[in-house]
Amino acid sequence: MSDNNNHVEVKDVTFYRGKRKIYDGLNVAFPRGKITAIMGPSGTGKTTLLRMIGGQLKADSGEVLVDGSNVGTMSRGDLFELRKNKMGMLFQTSGLFTDLNVFDNVAFPLRTHTDLPDDMIRDLVLMKLEAVGLRGARDLFPAELSGGMVRRVALARSIAMDPELIMYDEPFTGLDPISMGMILRLIRGLNEALGLTSLLVSHDVEESCQIADYLCIVSGGKVIGFGTPDELRNGDNAEVRQFLNGDPDGPVPFHYPADDYRADLFAGEA
Amino acid sequence: MLKHVRSLGQVGVQSIQSIGRAGMLFTQSVTWGGPGSAGFLDLIRQIHSVGVRSLSIIIVAGFFVGMVLALQGYNILVKFGSVSALGTMVSLTLLRELGPVLAALLFAGRAGSALTAEIGLMKATEQLSAMEMMGVDPLKRVITPRLWAGVISVPILALLFSTVGIWGGAFVAVDMLGLYDGAYWSNMANTVEFYEDVVQGLIKAAVFGVVVTWIAVYQGYDAAPTSEGIGKATTQTVVISSLAILGLDFILTAVMLGGV
């Protein structure tokens with residue numbers, strides 16, 4: 001068991017995608033019962049980190065501990081047991097089953113993992129759907145839903161088994177302001193009501209700062225800043241401040257390395 | 001020059017790796033049970049989708065093949081004055097060869113490609129990943145029932161193909177060409193052996209069923225999760241399984257006839 005208050009601990013993790021090094025000695029711990037937003041420039045491997053915590057990708061070296069047990073060395077059976085009871089994940093593309101309607105999608109984990117009678121499953125599913133405001137859409141198929149509704153159904157499905165840890169991969173992308181506000185309130189509300197540990201991967205600085213207890217800024221294979229939004233905003237790390245403020249110039253260059261602009265333009269005339 | 005040798009080696013390594021992955025997929029998904037395993041109902045649903053829905057193409061194709069066989073056979077046999085052997089010829093050709101082979105080829109085109117596209121799309125839309133994260137093993141839940149549905153369906157489809165083909169042959173020979181129907185049916189009844197002809201044809205069909213479905217689910221599961229990748233995987237399913245059926249057919253025939 002984990003001796004401290006951290007739900008997930010990542011220790012000295014190195015990860016390669018092909019020949020490219022994504023993480024190089026990554027160390028980070030995510031506190032229990034809090035919302036932590038993992039942020040950073042595109043392509044730094046934020047989704048990779050979530051997939052390592054979920055055991056879908058294995059670190060090349062180092063340990064990923066969930067509740068004190070190492071996800072990377074767990075047997076297949078134990079890993080599925082852990083995912084079944086303790087983890088939920090909301091995918092970027094939602095991953096709803098297109099051949100099942102909304103009700104059956106949310107009922108899927110309950111029917112698969114429990115022996116509950118049908119009427120109890122019905123009540124549980126309707127409760128989850130009510131929480132995301134889609135009780136009335138139970139008979140629709142995923143293809144008939146809007147992007148925001150799909151995301152909400154997927155959220156209802158990932159909390160169906162009442163996980164202790166829930167991971168959201170880019171939950172805000174492509175949502176209109178109303179759905180976005182709705183999802184934000186849901187994530188916050190779930191966290192407060194159920195005491196979940198929530199990990200959130202996102203690019204949206206404003207939204208993430210609104211609901212996250214902690215921010216974890218990842219860049220260049222390492223964590224460059226971890227703390228509350230206020231601490232980081234007022235901190236002395238220029239790279240973190242640039243990211244949070246969205247400044248085009250700073251330690252992280254906007255331009256991909258290139259020759260002198262003027263020389264490059266004139267070179268075409270020769 | 002060295003570059004060509006290297007790329008040849010690369011193709012070799014990639015094919016061996018791919019065979020290895022296909023082998024692992026097969027061993028992990030051939031047995032029932034495991035996290036979130038599929039139930040009997042899933043199997044029935046898959047048999048319906050790959051088997052029952054292939055019925056129309058199998059029955060129509062079988063009828064036409066039988067009719068052509070009878071027409072061609074009649075015109076050859078009439079030269080030797082042995083048209084009474086027509087029933088035997090049609091039934092043996094269908095039961096031993098054309099039934100299993102053509103049913104499997106049609107199955108690969110109709111159901112195999114659909115399986116590949118379905119599984120590939122489930123992968124591309126993260127449905128398989130989502131399943132994994134819900135503690136359900138997609139191999140057990142998605143692949144196992146589809147694999148078994150194919151294995152069960154193909155022999156039945158092959159038998160139906162042959163049966164309908166024999167009727168098609170009778171329709172042409174007896175009703176159109178005026179062959180005495182006793183000659184068609186009783187010569188057939190006298191020469192067709194249950195074990196040597198019917199059962200061996202079914203064994204062939206079962207082997208084709210395993211191979212075609214295995215190729216189809218593997219191609220889908222291993223597809224690159226893009227539209228291009230799924231398109232390529234679907235084509236691969238049809239090409240590879242057609243070649244595998246024809247190649248295996250020769251080997252199985254040689255073994256069963258005890259020749260070569």
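Let's start where the two chains meet: 16 residues of chain A are in contact with 13 residues of chain B, contact meaning that the C-beta atoms, placed from the backbone, lie within 7 Å. On the chain A side, helix H2 (76-86), strand S6 and helix H3 (102-113) each supply at least two residues; helices (H or I, at least four residues) and strands (E, at least two) are DSSP runs, numbered from the N terminus. H2(A) gives the most, with five residues. Sorted by class, this side of chain A has six nonpolar, seven polar and three charged residues. Here Ala, Val, Leu, Ile, Met, Phe, Trp, Tyr, Cys and Pro count as nonpolar, Asp, Glu, Lys and Arg as charged, and the others, Gly among them, as polar.

A word on the model: it is predicted, so local features need pLDDT of at least 70 and side-chain atom pairs count only at pLDDT 80 or more, while totals for chains, interfaces and linings use all residues. Residues are numbered from 1 along each chain as its sequence is written, with chains lettered from A and ligands numbered from 1 in the order in which they are written.

Now follow S6 into the sheet of chain A. Six strands form an open, mixed sheet in the order S6-S7-S8-S3-S9-S10, where pairing takes at least two DSSP bridges between two strands. S6 (87-90) and S10 (222-227) are the edge strands, each pairing on one side only. The twist averages 15° from one strand to the next, with axes fitted as lines to C-alpha atoms (for helices, over the stretch in contact) and angles running from 0 to 180 degrees between N-to-C directions.
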